[in-house]
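This briefing covers nonpolar packing and aromatic pairing in one protein model. Please keep the sequence and structure at hand while reading.

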Amino acid sequence: MRIDIVTIFPGFFDVLDVSLLGKARLQGLLQVRAHDLRDYTHDRHRTVDDTPYGGGAGMVMRPEPWGEALDDVLAEDGDPVVIFPSPAGERFSQPIAAELAQEGHLVFACGRYEGIDQRVVEHTAQRARVRELSLGDYVLNGGEVAALAMIEAIARLVPGVIGNPASLDEESHSELGLLEYPSYTKPAAWRGLEVPDVLLSGNHGAIARWRRAQQEERTRRVRPDLLQD
Ligand code: SAM
């Protein structure tokens with residue numbers, strides 16, 4: 001999978017060099033490139049923002065550098081999906097991550113200030129598939145953290161990125177629609193707290209039933225909304 005990111009803070013994405021995604025990059029499973037939006041400006045101050053039409057507080061990202069940056073990124077072969085992280089977008093979720101993990105090329109356009117001139121989204125939609133995606137119901141300072149979270153959620157579903165794909169099956173927000181059961185490792189007793197007996201029993205049927213009951217109880221208690229159709 002190829003991922004291009006357009007941002008005024010390309011250094012934000014240096015963290016993609018570490019851990020499983022760093023390894024996936026070394027293995028050639030992921031190609032990530034962060035592009036500096038300011039490289040597409042033509043004034044001495046490398047300006048990317050201006051005051052909003054209609055008045056109001058804050059600044060809006062100007063369309064011209066975005067147009068040129070996306071011209072560049074979209075000029076290459078392929079049929080990318082362009083993602084605009086936005087608190088006003090559709091809520092990002094595990095099914096969306098799974099859907100995007102099937103794609104060959106994703107482009108993330110990270111806004112700052114009060115966001116990007118809406119014509120950039122409209123214009124991009126005339127030449128590529130576009131998604132405006134929100135990380136959640138809160139407002140971040142910029143699209144970078146949202147893009148990083150989405151990239152990690154998507155890229156770990158790309159075949160080969162996670163060593164043992166079976167570990168994805170029972171996770172929270174997987175197809176089962178339940179939260180994951182609690183996990184324990186050695187030692188069996190720690191600071192006066194014991195691992196549940198059933199997990200030490202070696203009885204696989206009993207363990208599976210206990211885990212399923214834990215999933216249902218936890219989901220009902222913490223996220224009852226997930227149980228509604
Ligand atoms: N004025 C915008 C609004 O009220 O909808 C918020 C702009 S926010 C300060 C600046 C940028 O951060 C946005 O353009 C977007 O790229 C990113 N951002 C902020 N919150 C986000 C969220 N919950 N999900 C995805 N991106 C977000």
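The points below concern a predicted model and are grouped by topic.

**Nonpolar cores**
- The largest nonpolar core has 33 residues, and Ile5, Phe92, Leu100, Phe108 and Ile154 touch the most other members.
- At least two residues of this core come from each of β1 (2–7), α1 (19–26), β5 (81–91), α3 (94–100), β6 (105–109) and α5.
- The biggest contribution to this core is that of α5, which gives eight residues.
- Another core, of 19 residues, lies apart from it and includes Ile8, Leu70, Val107 and Ala128.
- Beyond its neighbours within four places in sequence, Ile5 is in contact with Phe13, Leu16, Val32, Arg33, Ala34, His35, Phe108, Cys110 and Ile151.

**Aromatic pairs**
- Two aromatic pairs are found in a search of the whole structure.
- Phe9 and Phe12 make a tilted pair, 6.4 Å centre to centre with 55 degrees between the planes.
- Phe12 and Phe13 also make a tilted pair, 6.4 Å centre to centre with 50 degrees between the planes.
- Phe9, Phe12 and Phe13 together form one aromatic cluster.
- Within this cluster, Phe13 is buried at 3% relative accessible area, whereas Phe9 is partly exposed at 38% and Phe12 is partly exposed at 32%.

**Surface patch**
- A nonpolar patch on the surface is formed by Phe9, Phe12, Tyr138, Leu140 and Val145, with about 430 Å² of accessible area together.
- Leu140 sits in the loop between β7 (129–134) and α5 (143–155).
- Leu140 counts as partly exposed because its relative accessibility is 34%, between the 20% and 50% limits.

Key: Residues numbered from 1 in each chain as written. Predicted model: local features only at pLDDT ≥ 70, side-chain atom pairs only at ≥ 80, totals over all residues. Heavy atoms only, no water. Patch = residues over 30% accessible without salt bridge, like charges linked within 9 Å, V, L, I, M, F, W, Y side chains within 5 Å. Areas by Shrake-Rupley, 256 points an atom, 1.4 Å probe, with all protein chains shown as cover. Salt bridge = Lys/Arg side-chain N within 4 Å of Asp/Glu carboxyl O. Helix = DSSP H or I, 4+ residues; strand = E, 2+ residues; numbered from the N terminus. Buried < 20%, exposed > 50% of the residue type's maximum accessible area, 1.4 Å probe, protein only. Core = buried A, V, L, I, M, F, W, Y, C linked by side-chain atoms within 4.5 Å. Contact = heavy atoms within 4.5 Å. Phe/Tyr/Trp six-rings, centres within 6.5 Å; stacked < 30°, edge-to-face > 60°.
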